[in-house]
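Here's a friendly walk through one protein model. Have a look at the sequence and the 3D view, then read on.

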Amino acid sequence: MSMLTATKKTNIEDDAALLSTVTTNSMLNQLRADSEYDEEDDELTTRPTPTGSPPPVSKTTANSADSDDDEIMASSPPPQSSSAGLPGNMTPATGAPPAADLASGGGTSSYHIPQFPIERIESKMAAISSSLAKEMDEKRAAAAALGYPQSTMNKDDRQLYGDGVSISAQSSTTAGIEKQLPSTTGAQWQQNLSEDNEGQYDFVPHFQRVSIGGEDNNGVPLEDLHWASQQLMEALHIRERYMRVSHQSFPNITSKFFHKKHPKPQGGDPSSPSSGNASVLHSSDSVTDVSAGGDSNNKTEIRQPYPRARVIKHEDRQSIADHPVHPPASVGDPWQCDFPPSLGFTIRAQDGVFQLYSSPDSETPVQGFPYPNLETFCRDMQRLCTMISDGPLKSFCYRRLSYLSSKFQLHVLLNELRELASQKAIPHRDFYNIRKVDTHIHAASCMNQKHLLRFIKKTLKNHSDEVVSAGGMTLKQVFESMKLTSYDLTVDMLDVHADRNTFHRFDKFNSKYNPIGESRLREVFLKTDNYTGGKYFARVINEVAADLEESKYQNAELRLSIYGKSRDEWDKLAKWAISNKVYSDNVRWLVQIPRLFDIFRSNNILDNFQQLLDNVFLPLFEATNDPNSHPDLHRFLQHVVGFDSVDDESKPENPFVDREVPKPAQWRETDNPPYAYYQYYMYANMTVLNHLRIKQGFNTFVLRPHCGEAGAVQHLVCGFMMAENISHGLLLRKVPVLQYLYYVAQIGIAMSPLSNNSLFLNYHRNPLPEYLARGLVISLSTDDPLQFHFTKEPLMEEYSIAAQVWKLSACDMSELARNSVLMSGFPHRIKQYWLGPNYTKEGVAGNDISRTNVPDIRVAYRNETLLDELAVIFGSMPTNATTNTNSGTSTVPSS
C-alpha cells in the first residue's frame with residue numbers, strides 16, 4: 001500500500017512538472033501562432049495549435065466584488081513562464097532551428113514580430129492564463145482525491161503563477177526563465193503574515209518578476225550579513241518606539257515582521273497609554289524612559305507602556321458609483337466644533353517638557369503621558385550615528401540599494417507595456433484627474449509672482465485709502481513714499497524670483513520674500529499679524545485656494561509661521577483664520593517654527609530657550625486642557641495636521657547633543673541651539689500634547705521638519721527617529737545606511753527639485769529619480785511658487801519639468817501623486833474617497849487603479865520588493881542573537 005501511495009505521489013509530481021513545462025511553452029507558442037499577420041492581405045493566419053497546449057477559454061474571475069473589479073483584473077496580464085522565451089521553431093535544448101528548416105533555408109528567413117495593439121495581446125494572454133489556471137485546479141482536485149498534500153500543490157501553484165520567477169543566468173541562446181521557490185524570501189514572509197490579515201493578498205497581478213536564486217546571494221560574508229541585520233533591526237526598533245509613543249505612523253508590514261520575529265509573551269495588556277502599572281510590562285513590549293517628577297538631580301525613571309497603534313477597519317473595495325471619488329463638500333461653518341469640559345490639569349514645564357499635574361500644589365506629574373527623556377534621546381541618537389559610520393553595514397546597505405536600482409530597471413524593461421496597458425484599460429482616469437497634494441509649500445509664497453503683482457495692483461486701485469501702518473499711512477501713501485504707482489509695477493520690479501545669485505546664499509533667498517526689496521510691503525501683504533489684521537494676506541490665500549478648488553484634483557498643505565516671540569501668537573493666528581474665513585476643503589495647515597532663537601536673544605526679546613518653548617506650546621496645552629480658555633485656537637487646531645521646523649540648515653553648528661547640554665531654562669547664550677536640540681524639544685512636547693488630545697478626543701499632530709537639505713547628516717538621524725515625514729532629504733544620497741533605513745521604514749520625503757536647483761543642488765544632480773527607482777516614498781512639492789514657478793498651477797509645473805528632464809512615465813507620475821496623498825495630513829475619511837475605502841491595506845489589496853491610476857503591477861512590485869528586503873533583514877538573524885535597544889547595546893554570536 002505504501003508503494004502504491006508513493007507511486008501515485010510521484011506521478012502527480014511528474015504531471016505537475018510536465019504541465020509546468022508544456023503549458024509555459026504552449027502559452028507563448030499559441031500566442032505567437034495566433035498573432036501573425038499575413039503580409040499580403042493584412043489578415044490573421046492561423047497555424048495548428050501545438051500538441052499539449054490548452055484551447056483558449058473565456059476569462060472568469062472568482063471572488064470578484066463587482067463588475068468594476070472584474071474589469072480591473074482582466075486588464076492585468078498573466079505571468080511569463082520558464083522556457084517559453086524561445087521562438088516557436090527552435091528546440092528547447094539547443095535553441096537552434098529544426099534541421100528541416102535549415103535545409104529549406106528557414107534558418108535565414110526573417111521573423112515578423114506581431115504588430116498587434118498591446119491590449120489585444122494582453123487579452124489573449126489573459127485567456128490562455130485562465131485555461132492554465134483551470135487545468136491547475138483540476139490537477140489540485142485530482143491530487144486531493146489521491147491524498148496528495150494540498151499545501152504542496154498550493155506551493156506548485158504559487159511556483160507557476162506567483163513570486164518565485166527569476167531570470168536565469170543561462171546563455172543568451174536559451175534565455176530561459178527559471179522558476180524557483182526561495183528559501184527565506186518575501187514570498188514566505190508574505191504567506192506567514194497573510195495568516196493575520198486574511199484577504200489582503202487574494203489577488204496578485206501577473207507580471208515578470210525578478211529575483212535571485214541560490215544561497216548566500218547577498219554579496220557579503222555571512223558574519224557581515226548577520227551583523228548588518230542586527231544593526232538594522234535595532235535601528236528600526238528605535239524608530240518604532242519613537243513613532244508609537246508619539247502617535248505617529250509606522251508601517252504595518254515592518255511592525256508585523258517585528259512581531260513574527262519577537263512575539264509578545266502572554267499575560268498583561270500594555271496597550272493602554274494611561275496605565276501606570278509597570279509590573280505587567282515585558283522586555284518585548286515597546287517602552288521608554290520617562291521623566292516622572294522630582295527635580296533634575298533626583299529624577300525617577302519609570303517604565304511606561306507605549307500606546308498600541310490605532311487600528312483602522314478595512315472596507316471592501318467598492319465601485320466609484322457606490323463610493324465616489326469626490327468627498328462631499330463641507331456645509332455650514334467649517335470652524336464649528338464641540339467644546340468638551342476642562343480636564344482640570346495644571347500645566348508646568350519640567351526640563352523643557354510640559355507635564356500635567358492634578359493640582360497646582362502637586363509635585364508628581366500625572367501618569368499616562370510618556371515621552372523619551374533627553375538622556376534616552378542622546379543615547380539612541382549616538383547609537384544611530386555610530387551605525388551610519390559602520391563599515392560592514394555601509395557596504396551591505398550600498399549593495400542593497402544598488403540592487404534595488406538595478407531590479408527596478410529590469411522591472412521597467414519587462415513590464416512597462418503591461419503597466420501602460422493597465423492604465424489604458426481604466427476609463428476616465430489619467431494623470432490630470434487623480435488627486436495630488438502639495439506636501440511642502442509655504443503660505444507666504446504660495447502664489448506665483450504674476451498673481452502677487454496682480455493682487456497688489458488690484459488692492460492699490462480699490463483700497464488705496466485704507467490705513468495700513470501704525471503711523472497712519474494709507475496704502476497709497478506707502479507707495480508714494482517709494483515713488484511708485486500701480487502702473488510702474490512689473491514682475492521684474494517686484495524681484496521676488498530666485499536666480500543664480502541665490503545659489504548657496506540663503507540670506508539672499510530670504511530677502512526675496514520682500515517685494516521690491518521693501519520689508520514694509522511684506523509686512524502689509526504677506527503677514528497674518530499686522531495693522532490691518534492680515535486681511536490682504538487672507539484674501540490672496542483665498543484666491544490661491546479658489547484656484548485649487550477650480551482644478552478640483554490639486555490640494556495643498558500650507559505652512560504658517562509661529563515664531564515663539566510672544567504668548568499670544570497662537571490666538572492671533574487663529575483669530576486671523578476664523579475672522580477672515582481662510583478655509584478650503586483643498587487646504588490643510590502645518591505650523592512652522594523658525595529656528596531663530598539666536599536673533600531673539602541678541603535683540604533681548606527672549607532671555608532663555610524655555611521662554612520660546614512656553615510661547616510655542618503652552619497655549620496649545622491650555623487650549624487642549626480647557627478648550628473654552630482659547631475658543632478660536634481650539635477651532636483652528638482641528639484643521640492643523642502637524643509641525644515643521646525651518647531655517648538654513650547649512651549654518652555651522654555642533655550637530656551632536658549629549659546629556660550635559662544645558663536645559664532650556666539655562667540656555668541663555670546668543671548662539672543658536674543645534675538642530676537636534678530644537679527637534680527633540682519639539683518632539684517631546686508634541687508627544688505629551690498628543691496624549692492629552694487623545695484623552696480629549698481631538699485630532700493629533702505629526703512632526704514633518706525640513707531635513708537633509710544641507711548641513712550635517714545628523715539632521716537626517718533626527719528625522720529618522722522622530723519625524724513621520726521630512727522635506728528635501730537631499731543628503732540621503734551621501735549616507736547609504738540612512739537611505740536604506742528610510743526605505744525599509746517607508747518614511748515619506750517631500751522633494752522640491754526646482755527649489756533645490758536655485759539653492760543647493762543643480763537639477764540634473766537631484767537624487768529624486770534614484771530614490772524613486774529604489775522604492776523610497778517620494779512626493780513632488782513646490783516649496784515656494786513665488787520664488788521658483790511661473791504658471792498658475794505650480795504643482796503641475798513641477799510634475800511636468802520632472803517628467804521631461806527625467807523621462808518619467810505615466811505610471812511614475814501617478815505613483816508620485818499617490819505617495820503625496822498617502823503622506824499628507826488630510827483625514828482618513830477624505831483619503832478613502834481619493835484612494836479607495838481600503839487604501840490602508842498593504843500591496844494590491846490597498847490599491848484602486850480606477851482612482852489612483854497606479855497599475856496593480858507597480859504596487860505589487862513595490863510591496864513584494866519591500867517584503868524581500870525585510871525578509872533579508874529579519875530572516876538572516878540567527879536564532880540566538882539578542883537586541884537591546886533600550887540600553888543601546890547589541891550582540892551577535894561570533895561566526
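Four strands make an open sheet here, in the order β12-β13-β14-β15, with parallel pairing. Strands β12 (706-707) and β15 (778-780) stand at the edges with a single partner strand each, so one side of each has no neighbour in the sheet. Strands are DSSP runs of E with at least two residues, helices are runs of H or I with at least four, and both are numbered from the N terminus. Two strands pair if DSSP finds at least two bridges between them. Strand β14 (residues 748-751) runs parallel to β15, and three bridges join them. Which residue of β15 is the bridge partner of Ile749? That's Ile778.

Bear in mind that this is a predicted model: local features need pLDDT of at least 70 and side-chain atom pairs count only at pLDDT 80 or more, while totals for chains, interfaces and linings use all residues. Residues are numbered from 1 along each chain as its sequence is written, and side-chain values use heavy atoms, leaving out hydrogens and water.

How confident was the predictor? pLDDT scores that for each residue, from 0 to 100. The protein's mean is 77, and 68% of its residues reach 70 or more.

| Stretch with pLDDT under 50 | Contacts beyond four places in sequence |
|---|---|
| residues 148-184 | 86 contacts |
| residues 194-202 | 14 contacts |

Zooming out, the protein has 31 helices and 17 strands. Of its 895 residues, 55% are buried. Buried means under 20% relative accessible area, exposed means over 50%, and partly exposed is in between (1.4 Å probe, protein chains only).

Ala574 sits in helix α17 (residues 569-579). Ala574 counts as buried because its relative accessible area is 0%. Leaving aside residues up to four places away in sequence, Ala574 touches Asp632, Leu633 and Phe636. Thr528 is 46 residues from Ala574 in sequence, and their C-alpha atoms are 9.8 Å apart in space.

Over in helix α10 (residues 391-424) you'll find Leu413. Is Leu413 buried or exposed? Leu413 counts as exposed because its relative accessibility is 70%.

Terms used:
pLDDT is the predictor's confidence in each residue, from 0 to 100. Contact means heavy atoms within 4.5 Å.
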